[in-house]
Amino acid sequence: MKIDTNKWSEFQIGGKNGLFEIINGKGITKTEIINHPGKILAIQSGSENNGCIGFIDEQYCHEHGYHIQYEPALTVARSGSSGHITYQEKPFVVGDSAKILKCKYNLTPNQFLFIKTLLMQIKNKYSYNN
């Protein structure tokens with residue numbers, strides 16, 4: 001299949017004209033996950049297991065002001081595997097070592113994965129070395 005790229009152009013990730021709203025994570029710890037197990041994915045900055053460090057209780061997250069992302073979204077690692085992008089389909093929260101890229105538009109899973117691939121290609125541009 002040939003893809004016509006003639007109409008492709010640059011796009012912004014965040015900001016007023018960006019594709020995504022950027023949401024900061026809060027300090028979810030492994031101890032909280034152990035003490036309050038549940039069904040909500042807890043995502044941090046790791047590149048293994050799609051960034052998942054465990055599952056935490058939904059009510060506990062609400063009580064502590066953690067943002068639960070119910071719609072599919074991307075996450076970006078801020079530390080550790082800095083710049084690593086993950087795609088999350090199921091409800092999740094992120095710790096303070098990651099950010100949520102919440103899309104302002106309805107995207108299909110394949111569109112999310114395509115954007116993830118693009119962002120992963122340029123992550124070295126924004127590494128600590130550059």
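Residues are numbered from 1 along each chain as its sequence is written. Because the model is predicted, local features need pLDDT of at least 70 and side-chain atom pairs count only at pLDDT 80 or more, while totals for chains, interfaces and linings use all residues, and side-chain values use heavy atoms, with hydrogens and water left out.

Helices (H or I, at least four residues) and strands (E, at least two) are taken as DSSP runs and numbered from the N terminus. Four strands, in the order β1-β7-β4-β5, form an open sheet with antiparallel pairing, where two strands pair if DSSP finds at least two bridges between them. Strands of a sheet pair through backbone hydrogen bonds, either parallel or antiparallel. The edges are formed by β1 (20-24) and β5 (85-88), each of which pairs on one side only, and the twist from one strand to the next averages 30 degrees. Between β1 and the antiparallel strand β7 (residues 98-103) there are five bridges, and Asn24 has Lys99 as its bridge partner in β7. Helix α3 (residues 109-122) lies across β1, β4 (73-77), β5 and β7, and runs at about 170 degrees to β5; axes are lines fitted to C-alpha atoms, for helices over the stretch in contact (heavy atoms within 4.5 Å), and angles run from 0 to 180 degrees between N-to-C directions.

Gln44 is located in the loop between β2 (37-43) and β3 (52-56). This residue counts as buried because its relative accessibility is 14%, given that buried means under 20% relative accessible area, exposed over 50% and partly exposed in between (1.4 Å probe, protein chains only). Apart from neighbours within four places in sequence, the contacts of Gln44 include Ile28, Ile53 and Ser97.

No disulfide, defined as a pair of cysteine sulfur atoms within 2.5 Å, is found in a search of the whole structure. The sulfur of Cys61 lies 12 Å from the closest cysteine sulfur, that of Cys52, which is too far for a bond. Both residues are buried, Cys52 with a relative accessible area of 18% and Cys61 with 0%.

The structure holds three aromatic pairs, meaning rings of Phe, Tyr and Trp (its six-membered ring) whose centres lie within 6.5 Å, with planes under 30 degrees apart counted as stacked, over 60 as edge-to-face and the rest as tilted. One of these, Trp8 with Phe114, is edge-to-face, at 5.7 Å centre to centre and 70 degrees between the planes. This pair links distant parts of the chain, 106 residues apart, with Trp8 in the segment before β1 and Phe114 in helix α3.
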